[in-house]
Amino acid sequence: MLCASHASIRAAVAVLVACGVYSRAAAAQGPRAALDPITSAVIYHPITTSSAEARAHFLEGLRELDLGRFIDANVHFKLAVAADPNFAFAYLNAANTANSLADFKSNLALAEQHAAGASDAERLQIQMTRKGFDNDLAGQLALGQQLVEQYPRSPRAWLALAGAQIGLNKNEDARASMAKALELSPKLYVAHAAMGNDYIFGEPHDFTKALAHMQEAEALAPDESNAHLLVGDAYRAQRNLEKARDEYLRATSSNPAMPCCS
């Protein structure tokens, strides 16, 4: 996945089943570490690895996933499992950022294989992904509700629940769950992106609210191409094609290698 498509962030809500972590350690330092406070530093349930290297790669992968850099995220999640071959949650994230069905299935199977050593939060999310893949959306929803009951202060748990609710076209419930995530973490980039995308593509539409959330995301990460794509999508939904074009051009300026737009 080389760029954000119309439905990419909305679909990524389901991917966020795999994204909640709790750690007092920051992601590995680097030129992109300034983005950690709106991504990987939102850390309210356990990840299970004894490897500092694996943890650092996991958190970097989480940051890149939040920002729509799915290929980069997948690289980090695979480096995490290379550093700790028992890291079930990293396998799950490698599955959810896979660029082929075969890669998804193999990494999900590895996540399940190593789930016994994972935390309850991680196991629930592995099970949610399996239920979603097997099209047991009611079962996925029940697990999502269990997740927020156990981790009510985790914005990512609420986003995971929202993903399950979207799968059942329960958009009002999903928006309430995303609103709870934003109440807990008002500057969580991916929560604004997910809410904005749901207002564009879910019923009932509200393109004004969509634009407001996309602009919040853009303000949080003004140098990210994905942020400009999101705003462009909101303007395009409003049929403001001139402003949409301007945002898409800003996206390609932020990332000249980008071969496509949303």
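The chain contains 13 helices and zero strands, where helices (H or I, at least four residues) and strands (E, at least two) are DSSP runs numbered from the N terminus. The model is predicted, so local features need pLDDT of at least 70 and side-chain atom pairs count only at pLDDT 80 or more, while totals for chains, interfaces and linings use all residues. Residues are numbered from 1 along each chain as its sequence is written, and side-chain values use heavy atoms, with hydrogens and water left out. Of the 262 residues in the chain, 56% are buried; buried means under 20% relative accessible area, exposed over 50% and partly exposed in between (1.4 Å probe, protein chains only).

The largest nonpolar core has 48 residues, and Leu147, Leu159, Met178 and Tyr189 have the most contacts inside it. Such a core is a set of buried Ala, Val, Leu, Ile, Met, Phe, Trp, Tyr and Cys residues joined through side-chain atoms within 4.5 Å. Several helices each supply at least two residues of this core, among them helix 6 (120-133), helix 9 (171-184) and helix 13 (241-254). A second, separate core of 24 residues includes Ile47, Leu59, Ala73 and Val81.

In the loop between helix 3 and helix 4 lies Asp84. Asp84 is buried yet has no salt bridge, and the nearest side chain of opposite charge, Arg55, is 8.4 Å away. Here Lys and Arg count as positive and Asp and Glu as negative, with His and the chain ends not counted. A salt bridge is a side-chain nitrogen of Lys or Arg within 4 Å of a carboxyl oxygen of Asp or Glu.

By this rule there are 20 salt bridges. One of them joins the side chains of Asp66 and Arg156 (2.6 Å, N to O). Asp66 lies in helix 2 and Arg156 in helix 8, so the pair ties together parts 90 residues apart in sequence. Asp66 is buried at 0% relative accessibility, and Arg156 is buried at 2%. Lys131 forms a salt bridge with Asp136, with the closest N and O atoms 3.3 Å apart; Lys131 is partly exposed at 31% relative accessible area.
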